[in-house]
Amino acid sequence: MLPRRQDYGVKMTGGVRGGSVINFRTTVNSGSGRRRGSSAVLPSVLTFLVIVASGGLLLMIEKGMLNSMETPPPRGSGKRLDFIRQVGRHGPDAVDVESQILQEIRNRTIRTMCSQKNMPHNIWSLSPLQRKTVLQHVLVNDQYHFLYCYVPKVACSNWKRVLKVLSGALESVDINSKMNHHSDLVFLSSLKPEEIRYRLKHYFKFMFVREPMERLLSAYRNKFGEIQSYQKKYGVEIVKRYRKSRAKDAPIKGDDVTFGEFVRYLLDEDVERMNEHWMPMYNLCQPCAVNYDFIGSYERLESDSAYVLQHVGVPPHIQFPERQTWYKPVTTETLHYYLCSLPQKLLKELLPKYILDFSLFTYPLPNTTTQHCRH
């Protein structure tokens, strides 16, 4: 019997959260006349974009988008995502204003959403399963007093390398060895309740996010295209469930799962019991229950990571590692191809499962209209 289908990416539990949600950098360094001019118009730009983000989110709440399978047709040109991807490519001096805009939009959006009734206000108001998930994804560094909630497929392996170097378990972030994702790391789940409370209150807390469908596609290509254990555990089952054309006696390896079959599998999965590589970012890190001080972006990975390391006081010689040479990025064109190859009905049913990731972290819904997909 298939698992019960769940319509959205969070179960609402009691409490109203108060206070500030995220405390981002708020200063713009003085520089050229051009930059001073940019900072002068920043408040009005921020005000406009924050109103758009918060108003759009409230409209989604009022229309019940978070509580039903109905969602508006995918829209937008994708230009905002392209803008976000470009932000980190112009050097630190040129991106200060853009960075503040993105961070302030995310700040206000999360604050608006998390202040709604029935949203969790701390980890103790979460269900036992929700609390277990988030505590198992928050890594602890007591030397530099920070907590990092890792999200698979959002550079978490490199962040774990950094933590292992800081603890002395690894000599350098550039050592090319297979990553053990559990050894030599301290998880918040391993601590006592009073120790958890203290660190959540006093430590610098951060996480990194990525465009939801891009992250999903990255997980699909990696796990079903390269990892045999995932092919055997998930691929075989997916083919059995959803490939009607297969011969009953034919052997199944699970290494040829199509993206459409993978999406059908996700539609039948409970988001709170998904594998961490495709579980929504919201469910992994619970940004309404954990007061993150900084939420970085995969699209600005280098500059956002440098900021975090500098903020917590890590020695300058320890830097965030460069991407491995074998890494295969998900390009805009690749994502466009996969999403446009899906039946519209499947995508329309899939988006509500990740709607909180799109909404809270201010990513535009993908555009897969017929006209857009022709190009």
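**Figure 1. Lining of the largest cavity in the predicted model.** The largest share of the lining of the largest cavity, four residues, is contributed by α3. Both α3 (92–114) and β4 (294–297) supply at least two residues of this lining; helices (H or I, at least four residues) and strands (E, at least two) are DSSP runs, numbered from the N terminus. The model is predicted: local features need pLDDT of at least 70 and side-chain atom pairs count only at pLDDT 80 or more, whereas totals for chains, interfaces and linings use all residues. Residues are numbered from 1 along each chain as its sequence is written, and side-chain values use heavy atoms, with hydrogens and water left out. The residues that line the largest cavity are S99, L102, Q103, R106, I295, S297, R300 and D304. By class, the lining comprises two nonpolar, three polar and three charged residues (nonpolar: Ala, Val, Leu, Ile, Met, Phe, Trp, Tyr, Cys and Pro; charged: Asp, Glu, Lys and Arg; polar: the others, Gly among them). The volume of the largest cavity is about 40 Å³.

Figure 2. On a 1 Å grid over the protein atoms alone, a cavity is a set of points where a 1.4 Å probe fits but cannot get out, and lining residues have an atom within 4 Å of a point. Grid points are joined across faces, edges and corners, and a volume is the space filled by probe spheres set on the points. The second largest cavity holds about 30 Å³ of space. Its lining consists of L129, Q130, T133, E272, M279, N283 and Q286, divided into two nonpolar, four polar and one charged. Helix α4 (residues 128–135) gives the largest share of this lining, three residues.

Figure 3. N222 is located in helix α7 (residues 212–225). With a relative accessible area of 15%, N222 is buried (under 20% relative accessible area, 1.4 Å probe, protein chains only). Leaving aside residues up to four places away in sequence, N222 touches K153 and I227 (contact: heavy atoms within 4.5 Å).

Figure 4. Buried in α11 are L301, D304, S305, Y307, V308, L309 and V312.

How values were computed
On a 1 Å grid over the protein atoms alone, a cavity is a set of points where a 1.4 Å probe fits but cannot get out, and a pocket is an open set with protein on both sides within 12 Å along at least five of seven lines; lining residues have an atom within 4 Å of a point. Buried means under 20% relative accessible area, exposed over 50%, partly exposed in between (1.4 Å probe, protein chains only).
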